[in-house]
Amino acid sequence: MEAYKKEFVDFMLESGVLKFGDFTLKSGRKSPFFMNAGGYVTGSQLKKLGEFYAKAIHDRYGDDFDVLFGPAYKGIPLAVTTAMAFSELYGKEVRYCSNRKEEKDHGADKGSFLGTKLKDGDRVVMIEDVTTSGKSMEETVPKVKGAADVTIVGLMVSLDRHERGKGDETALKEVSKLYGFPTAAIVSMPEVIGYLDLDPELKGRIDAYYEQYGPKEE
């Protein structure tokens, strides 16, 4: 596993963003682990987070893109801090864009988007916090595609929970198949588990969770 991935796992734990215990997810699943990206709140945490995203995007998609798009609301600071990190680490200026939950109908910046205006020919990387159920992509991909003739290069999330979505494959794979662009994560839960020296009882509960909710295609 790449050094930045190991550093990211340590960073998630230090920031209290990745936790182990007993959690009920929005989906109703009872999970022995939980990741809350809302736990990144300080300037130094957000700066580091942007750097990890930038490294993962550069590693997976290179730098042949123009815009980082972060769906509202959590995607907004992600897109901003990653655009800053990309400039600093790779000397590449990328623009950021996010959607508004409610369209603004007054002022100079009225419309459905924050940040840059999407233009024909733009290459866009979507950026989110954790494995998406597909709901935010359902809402934002049509908006992005409808705003201009753009190409979506791919999606980057911070953690791939690596569990089934609506069918037998992981949620990230489902998004990729549905929308026709690649999906990736800074780190996946199997990588996290392989890196950490977990208590055998906890490891057993995680194994049982994946027995029930893990992807069936592997």
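Which exposed residues does the face of H4 turned away from its buried side carry? They are Lys135 and Gly146, where exposed means over 50% relative accessible area, buried under 20% and partly exposed in between, with a 1.4 Å probe and protein chains only. This is a predicted model, in which local features need pLDDT of at least 70 and side-chain atom pairs count only at pLDDT 80 or more, while totals for chains, interfaces and linings use all residues. Residues are numbered from 1 along each chain as its sequence is written, and side-chain values use heavy atoms, leaving out hydrogens and water.

**Helix H4**

- H4 covers residues 135–147; helices (H or I, at least four residues) and strands (E, at least two) are DSSP runs numbered from the N terminus.
- With 13 residues, H4 reaches 19 Å from its first C-alpha to its last, close to the 18 Å expected at 1.5 Å a residue; that expected span is 1.5 Å times one less than the number of residues.
- On the buried side of H4 you'll find Ser136, Met137, Thr140, Val141 and Val144.
- Looking down the axis of H4, these buried residues fall within an arc of 110°, so they line one face of the helix; the arc is that of the directions from the helix axis to the C-beta atoms.
- As background, an α-helix has 3.6 residues a turn, so residues three or four places apart point the same way.

**Helix H1**

- H1 (residues 3–14) has 12 residues and spans 17 Å from first C-alpha to last, close to the expected 16 Å.
- Tyr4, Lys5, Phe8, Val9, Phe11 and Met12 are the buried residues of H1.
- They cover an arc of only 160° around the axis, which puts them on the same side of H1.
- Ala3 and Glu14 are exposed, on the face of H1 turned away from its buried side.
- The packing partners of H1's buried residues are S1, S2, H2, S7, strand S8 (183–188) and helix H6 (189–195).
- Just after H1 comes Gly16, with a positive phi of about 70°.

**Nonpolar cores**

- The largest nonpolar core has 46 residues, and Phe8, Met12, Ile57, Leu159 and Val192 touch the most other members; such a core is a set of buried Ala, Val, Leu, Ile, Met, Phe, Trp, Tyr and Cys residues joined through side-chain atoms within 4.5 Å.
- Helix H2 (residues 43–61) gives the most to this core, with 7 residues.
- Apart from this core lies another, of 18 residues, among them Val124, Met137, Ile152 and Phe181.
- Leaving out residues up to four places away in sequence, Phe8 touches Tyr40, Leu49, Phe52, Ser158, Ile186 and Val187; contact here means heavy atoms within 4.5 Å.

**Aromatic pairs**

- The count comes to 13 aromatic pairs; rings of Phe, Tyr and Trp (its six-membered ring) pair if their centres lie within 6.5 Å, with planes under 30 degrees apart counted as stacked, over 60 as edge-to-face and the rest as tilted.
- Phe33 and Tyr209 have ring centres 5.7 Å apart and planes at 75°, so the pair is edge-to-face.
- That pair links distant parts of the chain, 176 residues apart: Phe33 sits in strand S2 (residues 30–35) and Tyr209 in helix H7 (residues 200–213).
- Phe33 is buried at a relative accessible area of 0%, and Tyr209 is buried at 4%.
- Another edge-to-face pair is Phe65 with Phe86, at 5.1 Å centre to centre and 80° between the planes.
- Phe65 lies in the loop between H2 and strand S3 (67–69) and Phe86 in helix H3 (residues 75–90), so the pair ties together parts 21 residues apart in sequence.
- Ring pairs also link Phe8, Phe11, Tyr40 and Phe52 into a cluster.

**Strands and backbone details**

- Strand S1 (residues 18–24) pairs with S2 in the antiparallel sense over 5 bridges; two strands pair if DSSP finds at least two bridges between them.
- Thr24 has Lys30 in S2 as its bridge partner.
- The hairpin of S1 and S2 has 5 residues between the strands, and Gly28 there takes a positive phi near 95°.
- The peptide bond from Ala72 to Tyr73 is cis, with omega near 0°, and Tyr73 is in the loop between S3 and H3.
- His162 has a phi near 60°, a positive value in a residue other than glycine, and is found in the loop between S7 and H5.
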